[in-house]
Amino acid sequence: MKVVLFCGGYGMRMRSSEASDVPKPMAMVGPRPLIWHVMRYYAHFGHTEFVLCLGYGAHHIKDFFLHYEETTSNDFVLRGGKPELLSTDIADWTISFVQTGIESPIGERLRRVRDYLDGDEMFLANYADVLTDAPLDNIVERFAGSDAGASMLVVPPQSSFHCVEMDEGGRIGAITPVSELPLWENGGYFVLRQEIFDHIPENGDLVADGCGELAKRGRLLAYPYRGFWKPTDTVKERYALDAAYTHGDRPWALWEREKVHA
């Protein structure tokens with residue numbers, strides 16, 4: 001299945017300065033940017049046809065792949081001064097780089113790459129800045145067996161705050177972590193049918209418009225997941241993932257587990 005990645009937003013909370021024009025998916029986690037980790041996750045499940053919805057800072061993403069260094073994350077033999085790769089990351093990938101506008105909302109970005117999907121009935125989509133170890137094959141299989149128009153991964157609230165219950169006099173009766181409330185939030189990792197395009201107007205939003213309309217019709221499927229799922233909306237969250245990578249704590253790197261068991 002083709003994978004549409006939204007990687008054209010400003011990512012203001014991830015920017016180190018006003019002068020920085022590096023898009024959020026290009027923030028580094030270990031020796032590779034976030035978008036690489038997301039793409040490796042999909043490739044692990046056999047999905048290697050990518051459509052990148054570019055916008056702000058697009059040249060950073062283009063340059064990364066145009067000058068891709070396989071030796072950074074693959075073993076190799078140096079023979080006669082030339083590297084002979086023992087494995088590769090992206091040799092079997094097909095990547096379409098599509099400029100979808102600087103200010104475009106995500107729904108509009110999706111509309112602008114519709115022709116690159118070749119009319120495929122089902123396809124995958126993601127924000128390109130969230131990491132997980134969710135079982136994608138199970139997610140796709142569950143969706144394929146349904147009549148839903150879209151499926152989204154949903155996760156428990158990620159806030160570290162607490163909610164309080166109190167009476168009219170201000171006496172608190174209970175304190176509950178937000179993460180333990182019976183609530184779920186959008187975790188991205190969408191599986192979509194072509195029908196989604198019927199519900200996204202020009203300059204519309206994928207979730208509020210497309211998924212919102214499907215939800216009203218009872219045709220939006222959720223895949224609840226309580227396993228590893230980490231966003232990178234802030235510099236702090238990116239630093240935490242980078243530190244975890246450095247210490248070998250990489251639950252999202254399912255492809256590394258294959259090497260261990262090989």
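Aromatic pairs first. This is a predicted model, and the count comes to 15 aromatic pairs. Take Y41 and F45. Their ring centres are 5.2 Å apart and the planes meet at 65°, so this pair is edge-to-face. The cut-off for that label is over 60 degrees. Y41 is buried, at 2% relative accessible area. F45 is partly exposed, at 22%. Both belong to one aromatic cluster, together with Y42 and Y189.

Stay with Y189 for a moment. Y189 sits in the loop between β13, residues 185–186, and β14, residues 190–193. Y189 is also buried, with a relative accessible area of 2%.

There is another positive phi to look at. D118 has phi near 55°, again in a residue other than glycine. Its loop runs between α3, residues 106–112, and β8, residues 122–126. Is D118 buried or exposed? Exposed, at 57% relative accessible area.

Now charges over rings. R193 lies over the face of F143, 4.4 Å from the ring centre. R250 puts its charged end over the ring of Y245, at 3.7 Å from the centre.

One lysine next. K24 is in the loop between β1, residues 2–7, and β2, residues 28–29. K24 counts as buried because its relative accessible area is 14%, and the cut-off is under 20%. Which side chain does the K24 side chain contact? That of D129, through a polar contact of 2.8 Å.

On to the nonpolar cores. In soluble globular proteins, nonpolar side chains tend to be buried together. Here the largest core has 50 residues. Six of them touch the most other members: L5, Y42, L52, F65, L153 and W252. Helix α1, residues 34–44, gives this core its largest share, eight residues. A second core is separate and has 22 residues, including F6, L110, V113 and A150.

What does L5 contact, leaving aside neighbours within four places in sequence? The list includes I35, V38, M39 and Y42. It also includes F50, V51, L52 and C53. N126 and A128 are on it too.

Technical notes
Residues are numbered from 1 along each chain as its sequence is written. This is a predicted model: local features need pLDDT of at least 70, side-chain atom pairs count only at pLDDT 80 or more; totals for chains, interfaces and linings use all residues. Side-chain values use heavy atoms; hydrogens and water are left out. Rings of Phe, Tyr and Trp (its six-membered ring) pair if their centres lie within 6.5 Å; planes under 30 degrees apart count as stacked, over 60 as edge-to-face and the rest as tilted. Buried means under 20% relative accessible area, exposed over 50%, partly exposed in between (1.4 Å probe, protein chains only). A charge sits over a ring if NZ of Lys or CZ of Arg is within 6 Å of the ring centre and within 35 degrees of the ring normal. Helices (H or I, at least four residues) and strands (E, at least two) are DSSP runs, numbered from the N terminus. A polar contact is a pair of N or O atoms within 3.5 Å; within protein, one must be able to donate a hydrogen and the other to accept it, and residues adjacent in sequence count only if both atoms are side-chain atoms. A nonpolar core is a set of buried Ala, Val, Leu, Ile, Met, Phe, Trp, Tyr and Cys residues joined through side-chain atoms within 4.5 Å. Contact means heavy atoms within 4.5 Å.
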